[in-house]
Amino acid sequence: MSSVLKVDAIQNTAGTSALTIDSSGRVLKPVIPSFMVSAAGTWASLSNGDAISFNTDSGNQLFNNGNHFNTSSYAFVAPVAGLYSFSVQIYTAQSDTVNAFAPYLNGTIVKLQGATGLYLQHGEDAAFDETTSLTFLLNLSASDSIKVHAITGSDIYGSACMFCGHLVG
């Protein structure tokens, strides 16, 4: 025996819309935790361990759906447990030949195998301005915190840097 559930929307008991299905079958989730933020300003020098000051979440295409990204601490705080997708893009170099960055989970660098961290690095050939980027997935618990730090002395061009993420499910 098979069943078909025919609904246009799903809400919680307080009436908040959690999911809608339009007439073409597209599923919309209007309150999914998501953000795209940038760092304000031009060139800034960071020391090893400094968090990138992603402090701008409005204007143009920037957003902070649910306000789970804290522009004062520069961290995304997971509102619920689940799988999250993140992307980071950093415009770097200026006068440096090596610039490196890494995502941190609850204050500790995100690791792959053994002691190897998940890094973004600008090449070591010359001091040319470049963009480096990283996309990664993390299973997070509620209240886990993600931010991006410099892991060497590094220069960034703030307004050309971006950090974004969203709950996958």
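**Notebook: a first look around the chain**

**Entry 1: Tyrosine 74.** I started with tyrosine 74, which counts as partly exposed at 24% relative accessibility. I checked the cut-offs: buried needs under 20% and exposed needs over 50%, so 24% falls in between. A note to myself before going on: this is a predicted model. Tyrosine 74 sits in the loop between strand 8 and strand 9, the latter covering residues 75-77. I looked up its backbone too, and phi is near 65°, a positive value in a residue other than glycine.

**Entry 2: Asparagine 67.** I found another positive phi at asparagine 67, about 55°, although this residue is not a glycine. Which loop holds asparagine 67? I traced it to the one between strand 7 (63-65) and strand 8 (69-70). Asparagine 67 counts as exposed, with 61% relative accessibility.

**Entry 3: The chain as a whole.** I stepped back for the overall numbers. How many helices and strands does the chain have? I get zero helices and 17 strands. The C-alpha trace spans about 65 × 40 × 30 Å along its principal axes. There are 169 residues, and 35% of them count as buried. The accessible surface comes to about 9,300 Å², and carbon and sulfur atoms hold 51% of that. I also looked at contacts between residues at least 6 apart in sequence: 72% of them join residues at least 24 apart.

Entry 4: Strand 2 covers residues 17-21 and pairs with strand 3 over two bridges.

**Entry 5: Isoleucine 21.** I picked isoleucine 21, which belongs to strand 2. Across from it in strand 3 I found valine 27. Isoleucine 21 is partly exposed, at a relative accessible area of 30%. Both isoleucine 21 and valine 27 turn up again in a nonpolar surface patch, along with Leu5, Val7 and Ile10. Together the patch residues have about 430 Å² of accessible area.

**Entry 6: The cores.** Which residues have the most contacts inside the largest nonpolar core? I wrote down Phe54, Phe86, Ile90, Phe101 and Phe163, out of 28 core residues. At least two core residues come from each of strand 4 (34-39), strand 10 (82-92), strand 14 (130-140), strand 15 (145-150) and strand 17 (162-167). I also found a second, separate core of five residues, among them Ala100, Tyr104, Ile109 and Ile151.

**Entry 7: Strand 10.** I followed strand 10 for a while. Is it largely enclosed or largely open? Eight of its eleven residues are buried, so the rest of the structure largely encloses it. Strand 10 pairs with strand 14 in the antiparallel sense, over eleven bridges. I listed what else phenylalanine 86 touches, leaving out residues up to four places away in sequence: among them are Phe35, Phe76, Leu134, Phe136, Ile146 and Phe163.

**Entry 8: Glutamine 121.** I then turned to strand 13 (residues 120-122), where glutamine 121 is found. Glutamine 121 is partly exposed, at 43% relative accessible area. Which residues does glutamine 121 touch, apart from those up to four places away in sequence? I found Val98, Asn99, Ala100 and Thr132. Threonine 132 is eleven residues from glutamine 121 in sequence, and their C-alpha atoms are 6.6 Å apart.

**Entry 9: Serine 95.** My last stop was serine 95, in the loop between strand 10 and strand 11 (99-105). Serine 95 is exposed, with a relative accessible area of 55%. I checked its separation from serine 47, which is 48 residues away along the chain: 14 Å between C-alpha atoms.

Key: Residues are numbered from 1 along each chain as its sequence is written. This is a predicted model: local features need pLDDT of at least 70, side-chain atom pairs count only at pLDDT 80 or more; totals for chains, interfaces and linings use all residues. Side-chain values use heavy atoms; hydrogens and water are left out. Two strands pair if DSSP finds at least two bridges between them. Helices (H or I, at least four residues) and strands (E, at least two) are DSSP runs, numbered from the N terminus. A nonpolar core is a set of buried Ala, Val, Leu, Ile, Met, Phe, Trp, Tyr and Cys residues joined through side-chain atoms within 4.5 Å. Buried means under 20% relative accessible area, exposed over 50%, partly exposed in between (1.4 Å probe, protein chains only). Contact means heavy atoms within 4.5 Å. Patches are made of residues with over 30% relative accessible area and no salt bridge: like charges are joined within 9 Å, nonpolar side chains (Val, Leu, Ile, Met, Phe, Trp, Tyr) within 5 Å. Accessible areas come from the Shrake-Rupley method with a 1.4 Å probe; for residues, only the protein chains shown count as cover. A salt bridge is a side-chain nitrogen of Lys or Arg within 4 Å of a carboxyl oxygen of Asp or Glu.
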